[in-house]
Amino acid sequence: AAAAAAAAAAAGVDLLRLDGPLLASGVALCIAAAEHELDPRVQQAMLRAAALGKPYLHSAFTSACRVSRLLNSLRHHNVLMTRTQLQALGATGPEVVVSRLLARHAHLLAARVCELLHQRELMPAVVMHWAKAKIGAGAAEMTDEALMEAVVPKVKASAGASFSAVAIEAMAAGRRSLATRLLEHEADPARQAR
């Protein structure tokens, strides 16, 4: 597979040297080679070559850059995933990628995936999972004040996140006063009463 990608990339670079309709074909080959390459340096080289013909296939080039950044981030954090696996997950939705990262407690990476895939609607779920994990893990080591300082700004900044769900986690961790203080920040009175 690597040899085929290298051959396609070489053909794409050769076509980039030409003018006319073959230029778009060369750009497409370089983009395809970059998307299937595992080595970030080779990806960069292919994307630099494809950038010469960006006016021909701008959206494909932008998408390839975004997908390459995502795959490299996932690989860097030992979440090995190929372009084909990402496409298979993409068929079921980006929620699957995010939920797998949350199951691994890779909250920052899950937030980055939401940004790269333009899935802002998934951010409240990421923030809520992080806040619950923070309270669960920090139950013994952190004071209520420290947890409030860590959790409140992030939950407030995430539209759609609920303080009541975080308060339930605090109650489960035996932090009744923390749960009460968190509920003071809940905007929905119906949720405060639960």
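**Exercise 1.** Which residues in helix 7 meet which residues in helix 8?

*Solution.* The model is predicted, with local features requiring pLDDT of at least 70 and side-chain atom pairs pLDDT 80 or more, while totals for chains, interfaces and linings use all residues. Residues are numbered from 1 along each chain as its sequence is written, and side-chain values use heavy atoms, without hydrogens and water.

Step 1. Helices are DSSP runs of H or I with at least four residues, numbered from the N terminus. Contact means heavy atoms within 4.5 Å.

Step 2. On the side of helix 7, the residues are His 107, Ala 110, Ala 111 and Cys 114; they meet Met 123, Val 126, His 129, Trp 130 and Ala 133 in helix 8.

Step 3. Sorted by class, this contact has seven nonpolar, two polar and no charged residues. Here Ala, Val, Leu, Ile, Met, Phe, Trp, Tyr, Cys and Pro count as nonpolar, Asp, Glu, Lys and Arg as charged, and the others, Gly among them, as polar.

**Exercise 2.** State at what angle helix 7 and helix 8 pack.

*Solution.* Step 1. Axes are lines fitted to C-alpha atoms over the stretch in contact, and angles run from 0 to 180 degrees between N-to-C directions.

Step 1. Helix 7 (residues 107-116) and helix 8 (residues 123-137) pack at about 175°, and their axes are 10 Å apart.

Step 2. The two helices are therefore roughly antiparallel, a term for angles over 145 degrees.

**Exercise 3.** Determine how many residues of helix 7 are buried.

*Solution.* Step 1. Buried means under 20% relative accessible area, with a 1.4 Å probe and protein chains only.

Step 1. Seven of the ten residues of helix 7 are buried, namely His 107, Leu 109, Ala 110, Ala 111, Val 113, Cys 114 and Leu 116.

Step 2. These buried residues pack against helix 4, helix 6 (94-103) and helix 8.

**Exercise 4.** Is Asp 144 buried or exposed?

*Solution.* Step 1. Asp 144 is placed in helix 9 (residues 144-157).

Step 1. Because its relative accessibility is 17%, Asp 144 counts as buried.

Step 2. Apart from neighbours within four places in sequence, Asp 144 is in contact with Arg 175, Ser 177, Leu 178 and Arg 181.

Note on methods. Parallel < 35°, antiparallel > 145°, perpendicular 65-115°, else oblique. Buried < 20%, exposed > 50% of the residue type's maximum accessible area, 1.4 Å probe, protein only.
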